Amino acid sequence: SPKVAAAKHQDEAALKKNLCVKAAKEHSIPQDLNKVLENKVMETVLGLSHVKLSVVERTCSGDADSEGIVSKSVSSHSDLIPGVYEGGLKIWECTFDLMDYLAEAEIEFTNKTVLDLGCGAGLLGIVALQGEAARVHFQDYNSTVIDEITLPNVVANCISEGRSGKDRKTSNPPSKRLRKAEGSPDVLSRCRFFSGEWSQVSQLLSNSKPCSKYDIILTSETIYNPDYYSALHDTLAQLLDRNGRVYLASKVHYFGVGGGVYLFEKFIEDKNVFRTSMVKTIDQGLQRCIMEIAFKNSC
């Protein structure tokens, strides 16, 4: 009957939705930092060290890729597989846009609590660390990304923590392969790493003691899919400090998936929780924007 068919369709839709909800997990920092950088080939961009992603794609397998996202991404020739892999194996161009803006606007990180949301390589959070943030938390949908890319990048940059953020563009690149990790424990003690879907991570952080609220949330290329807007909006509302700021970098429009900065701006406007302002527009190539988000009643 039509009612039975409709009920079956709803059940299938609910099941599909639940399958896409990845549980939150906190990732511990190994005591032996050499293990984190073992067999990692490093590159530099704007003076920051990062794992060479093409090498990760060729070598990451077995237990290191328990989610199977590397093999699935390579075999499908896709940078995104909704609900399975959300793009953390690539450094997207809006990340560099936001890094440039943070430097140009002289955003102050000293003694601030910062969340790099949808962090991927974690470059935005590393910039905050080098800016003397009190705490920096990194979140990505995929645990493989955190273990094989984000954490090694943070460790690699902590090794040469003597450099300030202002020196990024002029600093000399380190050797391609970092053989010995003489890390800076005080820097790493300011970091925590999480994987999982936004709502799940938000719940985990909200239940922690003390409850985590962030002065600054940095996020790049996370509004490509309108299906995720509600979870992202609720996560920002849950985790942002009352007088905090979100800096979001995005393309104006994402072809194929339909999201974009103006669509998300309208979504925020309809929710009536935040106010937004476009603080920078980049016209080279596909048009891109930096959006600042704050609570409506904030200072």
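Guide: Helices (H or I, at least four residues) and strands (E, at least two) are DSSP runs, numbered from the N terminus. Helix α3 (residues 53–59), for example, holds Arg58. The model is predicted, so local features need pLDDT of at least 70 and side-chain atom pairs pLDDT 80 or more, while totals for chains, interfaces and linings use all residues. Residues are numbered from 1 along each chain as its sequence is written, and side-chain values use heavy atoms, with hydrogens and water left out.

Visitor: Is Arg58 buried or exposed?

Guide: Buried means under 20% relative accessible area, exposed over 50%, and partly exposed in between (1.4 Å probe, protein chains only). At 64%, Arg58 is exposed.

Visitor: How does one describe two packed helices?

Guide: One gives the angle between their axes and the distance between the axes. Axes are lines fitted to C-alpha atoms, for helices over the stretch in contact, and angles run from 0 to 180 degrees between N-to-C directions; contact means heavy atoms within 4.5 Å. Here α10 (residues 229–239) and α11 (residues 261–271) pack at about 60°, with axes 11 Å apart.

Visitor: Which residues of α11 are buried?

Guide: In general, an α-helix has 3.6 residues a turn, so residues three or four places apart point the same way. In α11, Val261, Phe264 and Ile268 are buried. They fall within an arc of 65° (taken from the directions from the helix axis to the C-beta atoms), so they line one face of the helix. On the other side of α11, Glu269 and Asp270 are exposed.
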